[in-house]
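Have a look at the chain below before reading on. The notes that follow walk through a few parts of it.

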Amino acid sequence: MRDLALIFAMALVAALVVGTVGALTLRLLRHRSITVHVCVLLTVTVAAVAAGVAVVAQAMFLSRHDLQVVLLTVAAAAVVSLAVGWYFGRRLAVAAVWADQARERERRIEKGRRDLVAWVSHDLRTPLAGLRAMAEALEDRVVDDPATVAEYHRRIRVQTDRMTRLVDDLFELSRINADALRLSPAAVPLGEVVSDALAVAAPLAAARRITLVAAESGWPTVLASEPELARVVGNLLLNAVRYTPEDGTVHVDAGRDRDDAWLAVADTCGGIPEEDLPHLFDVAFRGEPARTPRTGEGSGGLGLAIVRGLVEAHGGRVDVRNVGGGCRFVVRLPAAA
């Protein structure tokens, strides 16, 4: 019984020495991946077993051949253990990274949802208050001269149109986020879509003395759903007109690169801060106060988010960068054969 206790004590001391070294190693590698930690743990376990066997074998005066046999057996088990540990360690690492990314994505989505509710509440509160005040004034006959009544009616229509646009944007954004878009891709002449969008943006541009310039030729044909493509082009044009100072210029051109067609909308807004560029297509993002549209012109900060969602639904991409005196939005879509 004393011999067994002595053997146990010797094996325990050898294992403790290896375990202490392993613990220090893990502490030094605490910032490494899960795979590294699992492999080190398995190596420490096998090394502790091997150290205990070696110490006990020496105390028991085993032959050199018998000791080699025992250590080879332990080595074989170590190879299998390390291979299994490396494989499942990588799977654990991938799962941990995926879970961390999922949590971060959920936080971003939740923050975006809160921001959206805040922006929409703000953008609805102002026109609703104005509509209520004008309706009460008309109902109580506070105003009764024809000119003022007509002006109140015009303002009610304008504010109603603004809220309608905001609700339409919310509906479109909800379809994008829910993957509920049902696109019907076809060969669409990009020049015709741009021409219609220019006609819609022309009154607002004229009111602000902004010049709209479009290329006369080189318009490609793209593979897209025409209603959604028209919304993309219209949102980009109206966004450029809203943020371009008076007497500025908005330039639209397009072209084709191999299998892709591109559309560019450039303005003279003065540029966007570099730190805001990565967030420009986020929901409800407006950036600095200069990027906040005038009363009655806003869309809740949803226009560019809708642009990105619709373009990506077509298998394309949209980018923005600063150019001399302004910024340039570039949309890339599949070109029709």
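Where is Arg209 found? Arg209 sits in the loop between H5 and S2; helices (H or I, at least four residues) and strands (E, at least two) are DSSP runs, numbered from the N terminus.

## Ground rules

This is a predicted model, where local features need pLDDT of at least 70, side-chain atom pairs count only at pLDDT 80 or more, and totals for chains, interfaces and linings use all residues. Residues are numbered from 1 along each chain as its sequence is written, and side-chain values use heavy atoms, with hydrogens and water left out.

## Two arginines with positive phi

Back to Arg209: its phi is positive, about 55°, although Arg209 is not a glycine. Arg209 is partly exposed, with a relative accessible area of 48%. The cut-offs here are under 20% relative accessible area for buried, over 50% for exposed, and partly exposed in between (1.4 Å probe, protein chains only).

Arg141 also isn't a glycine, and has a positive phi of about 55°. You'll find Arg141 in the loop between helix H3 (64–139) and helix H4 (146–177). With 67% relative accessibility, Arg141 counts as exposed.

## The sheet

What is the strand order of the open sheet? Its 5 strands go S2-S4-S5-S7-S6, with mixed pairing; two strands pair if DSSP finds at least two bridges between them. Strand S2 (211–214) and strand S6 (317–323) are at the edges with a single partner strand each, so one side of each has no neighbour in the sheet. On average, neighbouring strands are turned by 15° against each other, direction ignored.

S6 and strand S7 (residues 326–334) run antiparallel and are joined by 7 bridges. Asp319 stands opposite Val330 in S7.

## Helices on the sheet

Helix H5 (residues 190–207) packs on the sheet, where it touches S2, strand S4 (249–257) and S5, and its direction makes about 170° with that of S2. Contact means heavy atoms within 4.5 Å. Axes are lines fitted to C-alpha atoms, for helices over the stretch in contact, and angles run from 0 to 180 degrees between N-to-C directions. Helix H6 (residues 226–243) lies across S2, S4, S5 and S7, running at about 175° to S7.

How do H5 and H6 meet? Their axes come within 9 Å and cross at roughly 35°. Residues making the contact include Val194, Ala197 and Leu198 of H5, and Leu229, Val233 and Leu237 of H6.

## Asp267 and the two cysteines

Asp267 lies in the loop between strand S5 (260–266) and helix H7 (303–313). Asp267 is buried, at a relative accessible area of 4%. Not counting residues up to four places away in sequence, Asp267 touches several residues, among them Ala240, Thr249, Gly326 and Cys327. A polar atom of the Asp267 side chain lies 3.2 Å from the backbone nitrogen of Cys269.

Why don't Cys269 and Cys327 form a bond? The sulfur of Cys269 is 3.5 Å from the closest cysteine sulfur, in Cys327, and that is too far. A disulfide is a pair of cysteine sulfur atoms within 2.5 Å, and by this rule the count comes to 0 disulfides. Both cysteines are buried: Cys269 has a relative accessible area of 15%, and Cys327 is at 0%.

Definitions and conventions. A polar contact is a pair of N or O atoms within 3.5 Å; within protein, one must be able to donate a hydrogen and the other to accept it, and residues adjacent in sequence count only if both atoms are side-chain atoms.
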